Structures are given as structure tokens and as C-alpha cells.
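Welcome, and please have your viewer ready. We will go from one selection to the next, beginning with a sheet.

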Amino acid sequence: MADVKREYIFNCKTINGSILKKLFDSLKDILPEFNLIFDKNGIKLYAVSIAINTIVQMKLKTSSFEEYYFHNPSDRVFIGVNTAKIFQKLKNVGTETTVNF
């Protein structure tokens, strides 16, 4: 597995995928799109919904995942997310489904 990780900038795995499903389900009505920030400490989200006048701040620490790997010459990586699309992918995730991204 260590050799596989070298191919990626980051990799995280959780066996409780339903939590991610609930997270994106709650965000899809507030934020249509946002950036996730990956770094050595975990995943962060800072976003503002102008339509609803809402500020969203979230942090998932590395300890929240069964596996978390981050290796990048820069300190962090920004990933743009469309909440409707990612929720569509997570729609069938159950309580003990493993999610890897």
C-alpha cells in the first residue's frame, strides 16, 4: 500500500461513509459549490453562502479517517466540489460503507 500512496498527492479512507453522505447532504442546499482544502492536518472547508447569508467552516482532522495520506511540495491542495454531483455519488452509501478519495 505504501507504494500505491506515492502515486497520489493525497488519499483518505473512512469505513463510516454515511457521515460524509450526511455532511454533503446538509451542504447541498446551502452551498452549490465550494473548495475543500487538503493539508497534512486534514480537510478544511471555509465558504460563504451569499443567498442564505451563511458562513460555513468545517475541519475533518486526520484522526477522523482510518487512513490519511498527504504528500505535496506545497503546504495544501484546493479541490473544487459541486455538492449536487458529489452527493449523487454518495447517495447509496450505507452506515458501514468504505469511502476512499
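Start with the open sheet of 3 strands, ordered S5-S1-S7 with antiparallel pairing; strands here are DSSP runs of E with at least two residues, numbered from the N terminus, and two strands pair if DSSP finds at least two bridges between them. Strand S5 (67-70) and strand S7 (99-100) are at the edges, each having a single partner strand, so one side of each has no neighbour in the sheet. A word on the model: it is predicted, with local features needing pLDDT of at least 70 and side-chain atom pairs pLDDT 80 or more, while totals for chains, interfaces and linings use all residues. Residues are numbered from 1 along each chain as its sequence is written, and side-chain values use heavy atoms, without hydrogens and water.

Next, select strand S1 (residues 10-14), which is joined to S5 by 4 bridges and runs antiparallel to S5. Look for Lys13, opposite Glu67 in S5.

Now move to Thr14, also in strand S1. Thr14 is buried, at 6% relative accessibility (buried means under 20% relative accessible area, with a 1.4 Å probe and protein chains only). Beyond its neighbours within four places in sequence, Thr14 has contacts (heavy atoms within 4.5 Å) that include Leu20, Phe65 and Val99.

Finally, show helices H2 (residues 17-28) and H3 (residues 83-90), whose axes come within 9 Å and cross at roughly 145°; helices are DSSP runs of H or I with at least four residues, and axes are lines fitted to C-alpha atoms over the stretch in contact, with angles running from 0 to 180 degrees between N-to-C directions. Among the residues in contact are Phe24 of H2 and Phe87 of H3.

Terms used. Buried means under 20% relative accessible area, exposed over 50%, partly exposed in between (1.4 Å probe, protein chains only).
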